[in-house]
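Please look over the sequence and the model shown here before reading on. The paragraphs that follow move from charged side chains to the sheet and then to the nonpolar cores.

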Amino acid sequence: MIAKMALKDEEPMRRSKAHIVDREPSRRASVARTFMNRGVHAEIYDGIDELRARPPEKGFVLAHQSEVEEQPSQLEQIIEIARAPVSVYSEDPILKKVVEAMLAGAIDYWKWPLSDTELEEALSNIEARGNKKGRQALKRTEARKAIATLSKRELQVLTGVFKGQTAKQISADLGSKVRTIEIQRATLYKKLNAQSASDAVRIAFLAGWGE
C-alpha cells in the first residue's frame, strides 16, 4: 500500500528501529524476523499498554490493524505515545480501514507480507521522515497538482473512493452505470499515478482532504 510519490534521499540514511505492536505472538515474531533480516533492529510489544509502559526512544512504529480497530482513538494514542512515524499493517487490508488509519494520522498502510522491493521502499519512506516538514510540503504540492488535473466527475468518483465506497455504491450516488464508474476510476488512478484505491486515498490525504 505504498504511494508512488516517495522522494529519494540524496544520501543514504541509517536504518531506523522498528517497534512492532501486535498481540498475536507468532505474527509479531515473524514480522520482527523480517526486519532483523534486513538489518533493522526490531522491538516487539504485546499491545498498546506495553508500548505505553516502555515508549520508543527512536525509530518507527508498525501496529497491526487489530490493535487500532476496536476504538478509533487507539491509533491516535499510539501516535501520541510513540511521537514517531506510525504505520499500520494487515494481511488483508480493507479500504475503509485504510482510510480510517490515514485520517487518524498513520503515515502508511502496509499489506503484509511485503516483497523485498516493497519493504525497502517502505523503510526508505519512513526513514525520510527525518526532514519531514520540507518533504511533506513538497508531497502536498505534488498531490494537489495531480488532483487539479481531474475532471469534475473524476473528483466526484475520487470522493467516493476516499469515503471507502465501492464502484457500485459510487454509481448509485452519482446515477451512473457501474462500468462507467470503473472506467472513470481507472482514469483518475492513471492521472494520479496511483496503483490502487489506497494509493489514491493517500494522495488525496496528502492534498489536504479530510482536514
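R179 is exposed, with a relative accessible area of 55%, where exposed stands for over 50% relative accessible area, buried for under 20% and partly exposed for values in between, all found with a 1.4 Å probe on protein chains only. This is a predicted model, in which local features need pLDDT of at least 70 and side-chain atom pairs count only at pLDDT 80 or more, while totals for chains, interfaces and linings use all residues. Residues are numbered from 1 along each chain as its sequence is written, and side-chain values use heavy atoms, with hydrogens and water left out.

The side chain of R179 meets that of E182 in a salt bridge, at 3.5 Å from N to O; a salt bridge here is a side-chain nitrogen of Lys or Arg within 4 Å of a carboxyl oxygen of Asp or Glu. E182 is partly exposed, with a relative accessible area of 29%. Because the two residues are three apart in helix α9 (residues 178–192), E182 and R179 are separated by about one helical turn; helices (H or I, at least four residues) and strands (E, at least two) are DSSP runs, numbered from the N terminus. Salt bridges that share partners also join D22, R27 and E91 into one network, and the count of salt bridges comes to twelve.

Another salt bridge links the side chains of R38 and E120 at 2.5 Å, N to O. R38 lies in the loop between α1 (25–37) and β2 (42–45), whereas E120 is in helix α5 (residues 116–127), so this pair ties together parts that are 82 residues apart in sequence. R38 is partly exposed, at 28% relative accessible area, and E120 is partly exposed too, at 27%.

Turn next to the sheet. Strands of a sheet pair through backbone hydrogen bonds, either parallel or antiparallel. In this model an open sheet of five strands has the order β2-β1-β3-β4-β5, with parallel pairing, where two strands pair if DSSP finds at least two bridges between them. The edge strands are β2 and β5 (108–111), each of which pairs on one side only, and the twist averages 25 degrees from one strand to the next. Strand β3 (residues 60–64) and strand β4 (residues 86–90) run parallel and are joined by four bridges; the bridge partner of L62 in β4 is S87. Helix α5 packs on the sheet, touching β3, β4 and β5, and its direction makes about 165 degrees with that of β5. For such angles, axes are lines fitted to C-alpha atoms, for helices over the stretch in contact, and values run from 0 to 180 degrees between N-to-C directions.

Finally, consider the nonpolar cores, each a set of buried Ala, Val, Leu, Ile, Met, Phe, Trp, Tyr and Cys residues joined through side-chain atoms within 4.5 Å. The largest has 22 residues, and those with the most contacts inside it are I147, L158, L188 and L192. Helices α6 (132–148), α7 (152–162), α8 (167–174), α9 and α10 (197–206) each supply at least two residues of this core, and its largest share, five residues, comes from α10. Not counting residues up to four places away in sequence, L188 touches L150, E154, V157 and L158, contact being heavy atoms within 4.5 Å. A second, separate core of 20 residues includes V21, I78, A84 and A101.
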